[in-house]
Structure formats: C-alpha cells, structure tokens
Amino acid sequence: MSPPLLPSTPGENVSPTRPRRLIAPTSAAAAAVLLAAALGPVPAAADTGTPVIAEVYGGGGNSGATLRHDFVELGNAAGAPVTVDGWSVQYLPASPKPTTNVQVTPLAGEIPAGGRYLVRQAAGTGGEVDLPAPDAAGSTNMSATAGTVLLVSGTEPVECRTAADCAADGSVVDIVGYGGAEVREGESAPRLSNTTAAARGDDLADTGDNAADFTAGGPTPVNAAGEGPGEGPGEPGGPGEPGDLRIHDIQGVTRVSPHAGDTVSGVPGVVTAVNAFGSAQGFWFQDPEGDGDPRTSEGLFVFTGSTAPGVAPGDEVLVSGRVDEYRPASGTQTITQLDRAQWTVLSTGNAIPESVVLEAGVIPAEYAPDHGGDISGLELAPDTYALDFWAAHEHMMVRFEDAPVIAPTDPYHAFWVAVEPGHNRTANGGVAYGSYDDPNAGRVKVESLLDRDVHPFPRVDVGDTLAGVTEGPVYYSRFGGYLVRATTLGEHVPGGLERTPVRGTERYEVSIATYNVENLGGQDDQAEYDALATGIVEYLDAPDIIGLEEIQDDNGEVDDGTVDAGVTLDRLTAAIEAQGGPAYEWRQISPEDKQDGGAPGGNIRNAFLFDPARVQFVDRPGGDATTAVEVVRGSRGAELSVSPGRIEPADPAWDDSRKPLVGHFRALNRDIYVVTNHFNSKGGDQALHGVVQPPVRTSEQQRNAQAELVAGFADELLAVDPDANLVVMGDLNDFQFSRTLEILTGDGPLYNPMTDLPAPERYNYVFDGNSQALDHILVNREIAGRVDYGIARINSEFHDQVSDHDPQVLWLDTRRSTPPGRS
C-alpha cells in the first residue's frame, strides 16, 4: 500500500492517495471492533487535501428522469486544485461476484479548489435535459437504485469485490455504496430511483459512513467550470472570419478526428438540419464544396444540449467550438461533433448540399473489416465496407426512395427500412438474418426531426412501404448504430400485414408451445393479460402444453423479497378461460430472490401451462429452487426424481440466469418430457455496428455452458429410454446457426425442426431490422419424423405487439410411436 500524500501548501496542486478507513460491518458492534482494532479513530470530516465522491446518480434517461445521463460528481474541499491525471472512477453492481467486471472511466485534469468535477456516464433513451459539459466521460450504465462507485488513484480495474478488500486496497481513494450495496463505507447511502441522486453535504464531510454522509434528493450535477444542467453549451455570436480548417479536415480519414479535443475556429458550411427538441439538440452543417476524398465526411454536428440552436436549414455559418468524440456507450462508434460552440450566420436561404442517394449497390455488401479489434484508427474504406461507408458519410445528407419497411415502429419512434430490397427477404417482407457472415448491410434505421405534433411519426409494420423521398443527415445511436434523422419523411403506405395463426391440432397429436411473454408480472394491466390470452386461444389454438418464459413474481418489479408467481399465473389462466380457452393448470418453481436475472425484483422464471382435459402432469414432490432433477428408471421407463424440477440449478452456468424447468407429462397414453428454457441474454455482446470488429459475443460462453448442461440432461434421459418423447424448447437467446444451438443439435442428441422451414420463414424475433430466430423447439432425433412445427406470426413484425417474441407450436404425432409403456 502506498503511503498517503500529505496536504500541499496553499497554491500547490496535489494528487493524494489515502488509505481506506472503514469496511462494511455486519453489525454496529462488529464495526466498532474493526475500527478500534484496525483503523483507529474515524475523522469527522474529509481530509482537506483529498477529493471525495460528492454525488452519484444512475437514473439518467430512465422513465420519469429529467436528465439524460447518469453521472458521478467529485468534490475538492481543499484550498488548492487537485489533479486527477491517471485516476479513474470505477463502478461495481450492488452484489458483485468474483467474476463481475468492474467498469472503469479514466480521469484527467484537475478539480478546482473548493470545486467539483463532473464524470458523465451512459445515457438512457429518455430525459429532457443534458448535463453541463463533463470534465470526463464514460459509458457505464449505473443502476438507478443500488450500486457502488469507487474513486481510484489509477486506471487498472480494482480486484476487490467485498467491502473489506476494497478498504484494504491502497489505490481506492473513496467509496460510495448506495441502495444496500455490499461494497460501501459503513452503512450504504439510501436506495435511489430514476429521479433521485445521493449527494454529500456542501462541506463534503466524510465520516466514513455512507449512510451518514449522503442524502437522497434531486440530482444537481456541477462541472469544474461551475456550470449546472443546461448551462454553457454555446451560443451564437461567434467568429467573423473563416479559420484554417474545413469540416473534412476535422473529420479526417479515420473514425476519430485528428483534432479531437482541440478548439477550432471559423469552420464554414451550410446548415442542413436542426434538432430543436429533446436533450441532444443542435444542428448539422455541411461543406458544399468538399475535398473530393471519399474517406472524409463533409458534414458535422454542433451539439447545443437542451438549448435550441436558433439556426435554420440554408443558413451559411461560421462555427467555432471544441472537437468532441462522443461515445454513446461502451463499445460503440464515436460521434465526431462540436460542443461549447459559437457561430455566426453569414447569410440565409442558401441551397442545401446535394444528398447522397442510397439505392441498390451503393452500400457495400461486406459489413466491416475483419480486424480482430478496435477499428477506430483504421483508414476508412467506404467502397469496401458498409460501416466505413456510414462513417465516411457521418452527418452528411442522404436520401432514399420507396423503401420497404423491415422492422415495425418501436416505442422510441424509430423503424427500419431496406435499401437493398432484394437481399435475404422474408416471406412477410423483412430481412432474414441467417449467418454471422451476412448481417444485411442494406438495413437503415429511420428517425424523424419533424415536429411530431405536426407530423405524427408513422406506426408501421413489416411489409409496409415508406413511399416517395426520405431525406436527412446521417447520425449514430447506441441503439442500432448509423441512422437517418429525417427532415423529409416519405409517405407511409400500409402493406396489409395480418396476424397468422397456426393450424389446429389433430385428435392423435399433442400440441406443445413456447411463448416468451415479456416480463408478465402480477400487477400488470388486465389489457396485457387479455392480449396474451387472445393470442394463445385464437392464434395458437390453445395448445395442450405451453412453456412460458419471463413470468415475473406476484408484484412484478417491486423489490421486496416476493418470489411467488401464483397471482401472475392465476390471472393469465383466468384470462385464457375468459377468452374461451381451456381451464389451464400451471406448474412452476419459484427462484431464490434476485438469483435468476431479469429486472431487479421481478424474479422472472419459466413455467408450464397444461390443459388437464388433454394432458396429465406427473407430479413428483421435492422440486425447489436449489434441488437438481435427476433421471431414474421406473416401471414405465424414464422417470424424474422431481417434477417439476430444475437442471443443475447450483451450476455457475446459471448465475444470474433462468434455470430450465423440466416437467413429465402424459397425453394419449404417451410419456412426454418437456424442458422449457430461457438462456442467458445476449445483452453483454458487442454490437454488430460497434467499434470492435468482428464483434465479440462474450455472453455466448455462458449460453454454451448452459447448452452443455441441457444436452447432458437429454443424454441422461435418452440413455434410460432411447425412444423417449423429449422436447427442449424456449428462448435460447441464440440463432439456429450459433455454437449454442450446435451444442444441442450438432454435437448433442436433439433436432431443430425450424431448419426444415424455407430460409425466408426461419425467424420469430426482429432486432435492429434483422428477422432472426431466438426461440426454438427441439426434439430428440428418434421422434423428429413424427413432429410438425409452426410459428404464429402475431408479435415481432407488428408495432402493436404484446410481446417482442412470436410463439411457436410443435405437434407430436402419437400414432407411430413405440408401443405404450408398461403399466
């Protein structure tokens, strides 16, 4: 441990490191013993030469939030500035595990004497007000309710994952744990929300107890310049003469500006578009002449925060400001822009530079360079790679005409079209994602810069058309990557897409369905239950057995320890019966609190519904959250030790993930074994459009381990009864061509009947304009010739969806089965 530096003399910059003073006790008595034995007296206030964490806020951009970003504010109570060069702010979740990745945001510069220092973190999709210009920026998605922020005198990720270990780490300068976080000083600061931050008092007192030092209240971010939200974004009244640089000089021939961080003056151009609403207001301007180099963009965005810029398309301007490479989230591309800007309008009513036409053959089919890492510094090749094409046209005006819609309007007023209309089209007019080698480069996301009160954003479905001209500047978002912010939006022409049901069940068949009901909780509106029930009765023909994913507990996302889901399942089965469906019974196993991932407090799990008039559930007691199901030999062949049961619930492969639910059913005198799954989310994977190419699919490792365990269970069952009727299904969160599915169906004993469908029909989920398959129903190969398979097209391609997944049904023909088992 490095010794702490003494406070400097007045007027001298200091870079102190202090030892940790307090570890989180399990009781007040334990705290007293530890303090007396190990650390000595606790000072009543912060060391005046040591900066502290002054405020933390993780609700930025969430529902109800005013601010767009999360943030961490540092404070310096000393009478001299304090440098933080080479330091970092680091973040841990509330309950870190040994394998948890710490998120690091490097710092630079200094905290003024008696001043603050603002670290901007990730943005959400909501919020109306931007932070003041940050002194450092990261991409950490902090929890709105509970987590730990550490101030560290270095940039290497801390290895500590407990309060005691972090207290003993000499590089850790300050710790704030909030909302019951395990890593904290003393007791944790209050639990927060989308609208509350935890702030230290104005005197920055540090008693070594987060609960004593921090109070919850509205967020009040302040930067080193003393600016608050909405202050200091820049304003008109700028340069009078052109400077030495043009837009293409600022953009350069790579993704990162050669002038990043510099202040530039008198950059000329013509305003092409204005964003006059939201928390990222500003304007685009473009050089009408350019340098003729296809690698250098001639467009630039001027960021004005939550302040309307007061310019109009056609204005000739000179702009000064700081060149900023804004990264919306970790792993994304950066957006080259000017902030802290001033500008002068030289003339108005000028012609807007001609748009680049997006049509078949313009965007390269090859998506990105196979670099094996960060492509930021690579020279752009816009004629070779699609991502390079977009980067080379960042902020420039583009246009397309008569484009087919390939993904429906989402809740955030965006949808996707295809400008390569003949490539990988689905049966309903989408674009099929069938290989990692072809991400479908002709997908284009569309948002609007038009006033939605005057020009309502269209609610489109797959197969509709955006007729006529759509035009606007190229922008970039963490959600989907490069997009067009439309200043002219084509006419919405409906394509007449209709929801299509699956066929009915024959008397000799058993119908088995899987349906991800997207976080259905016990307190949800009745309309959601009714819509799901309509889908099950009218479009799935009320299957004999249904495996459900994302069933939440009885009070949904209220985090109070509730884990039971009886209210949720009773309400769903009652809604189905009210719609004319059968009186389903249900089986499930409640998870341990907050151990199965999903929304905090929601405790999502898998569950079974079954029609007792058609199916018998073979109950065997003893199944609970921690007991592993085993296959045993019984009088009829294979039996389960518990039913329902879970597959190896203690295995690390299921950490923070749903455990498979196994059930034994009997129908038409046949034993049927069903495993319903919800594998680990793809949320941690790098984006297709991200800065690392090819993207690293980090979450795949856990799914592969989960697939190995499920395949192992299948092997055990089939070893006892090779002719067993085994169905493995659910939201496997991976594609039919992925390694996860290969473990189950290539190396393993299962078969995927989806692969029998024509390629344009192999999908049940639409993401970023790609129609893809995340949900599957697999069977053991011995019965593959006796099954039929169908997908109910009722959700993924429609803007008014009750779930983002399309349910599927498998029909098992019992006529050609092996002879009935022994009674």
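Reader: Where does Pro 644 sit?
Author: In this predicted model, Pro 644 is in the loop between strand E33 (637-640) and strand E34 (645-646).

Reader: And the peptide bond from Ser 643 into Pro 644, cis or trans?
Author: That bond is cis, with omega near 0°.

Reader: What about the bond from Gln 693 to Pro 694?
Author: Cis as well, with omega near -5°. Pro 694 belongs to the loop between strand E37 (692-693) and H8.

Reader: OK, phi next. What's the phi of Lys 594?
Author: About 60°, so a positive phi, although Lys 594 is not a glycine. Lys 594 lies in the loop between strand E29 (585-588) and strand E30 (605-610).

Reader: Switching to sheets: what's the strand order in the six-stranded open one?
Author: The order is E8-E7-E2-E1-E11-E12, with mixed pairing. Strands E8 (136-137) and E12 (214-217) are at the edges: each has a single partner strand, so one side of each lacks a neighbour in the sheet.

Reader: How many bridges join E2 to E7?
Author: Six, and strands E2 (residues 69-75) and E7 (residues 116-123) run antiparallel. Leu 74, for one, has Tyr 117 in E7 as its bridge partner.

Definitions and conventions:
Residues numbered from 1 in each chain as written. Predicted model: local features only at pLDDT ≥ 70, side-chain atom pairs only at ≥ 80, totals over all residues. Heavy atoms only, no water. Pairing = 2+ DSSP bridges. Helix = DSSP H or I, 4+ residues; strand = E, 2+ residues; numbered from the N terminus. Buried < 20%, exposed > 50% of the residue type's maximum accessible area, 1.4 Å probe, protein only.
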